[in-house]
Amino acid sequence: MLLDSGATRSCVSAKFLKRLHLTPSPLDSTIPDEVFTADNSSMKILGQIDLSVNINGLIVPHTFIVLSKLFNECLIGTDFLIASHAKLDFHTRRVSFYDDVTSLPLVSLNSQCNIVRVAQAITIPPFCEAVLRVKLHRH
């Protein structure tokens, strides 16, 4: 799961839903039929699905849009972050929800995730994407 403050909507991949044997519903009429990515290209929305997000035992229902070409299985956008009163604290490296009812580490050092660092300094202009060479650091 990725918290993405640049995404206006929370998304899940169609592949992820298929693995869970879940089928999306048709889009609500208030939701546009496409989204725009960081490089301003459009991506068709396949549908929507109501899922429950478990945050340290706090179960939060939320509606996600479904995309076919999503790199992460689940992307938490600003719609969820605003609704859950999320606060990112980079000093403590934690994100809290619902006025500090619960919190999670931004990066769990005990997880199976690896941390990558860019191989050289680079500036990515706004509304652009880039492919970067990275160095892998394992804990």
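1. Basis of the model. The structure is a predicted model, in which local features need pLDDT of at least 70, side-chain atom pairs count only at pLDDT 80 or more, and totals for chains, interfaces and linings use all residues. Residues are numbered from 1 along each chain as its sequence is written, and side-chain values use heavy atoms, with hydrogens and water left out.

2. The sheet. An open sheet of six strands runs in the order E1-E6-E2-E5-E4-E3, with mixed pairing. Its edge strands, each pairing on one side only, are E1 (2–3) and E3 (34–36). Strands here are DSSP runs of E with at least two residues, and helices are runs of H or I with at least four residues, numbered from the N terminus; two strands pair if DSSP finds at least two bridges between them.

3. Strands E2 and E5. Strand E2 (residues 11–13) is joined to strand E5 (residues 58–67) in the parallel sense over three bridges. Ser13 has Leu67 in E5 as its bridge partner.

4. His62. Strand E5 contains His62. His62 is buried, at a relative accessible area of 14% (buried means under 20%, exposed over 50%, and partly exposed in between, with a 1.4 Å probe and protein chains only). Apart from neighbours within four places in sequence, His62 is in contact with Ser10, Ile49, Asp50, Leu51, Asp79 and Phe80 (contact means heavy atoms within 4.5 Å). The side chains of His62 and Asp79 make a polar contact at 3.1 Å; such a contact is a pair of N or O atoms within 3.5 Å, where within protein one must be able to donate a hydrogen and the other to accept it, and residues adjacent in sequence count only if both atoms are side-chain atoms.

5. Positive phi values. His85, in the loop between helix H2 (78–83) and strand E7 (87–89), is a residue other than glycine with a positive phi, near 55°. His85 is partly exposed, with a relative accessible area of 42%. Tyr98, in the loop between strand E8 (94–97) and strand E9 (102–105), also is not glycine and has a positive phi, near 50°. Tyr98 is partly exposed, at 27% relative accessible area.

6. Surface patch. Val118, Ile122, Ile124, Leu132 and Val134 make up a nonpolar surface patch, with about 380 Å² of accessible area together. Ile122 sits in the loop between strand E10 (115–118) and strand E11 (134–137), and is partly exposed at 47% relative accessible area. Patch residues have over 30% relative accessible area and no salt bridge, with like charges joined within 9 Å and nonpolar side chains (Val, Leu, Ile, Met, Phe, Trp, Tyr) within 5 Å. A salt bridge is a side-chain nitrogen of Lys or Arg within 4 Å of a carboxyl oxygen of Asp or Glu. Accessible areas come from the Shrake-Rupley method with a 1.4 Å probe, and for residues only the protein chains shown count as cover.
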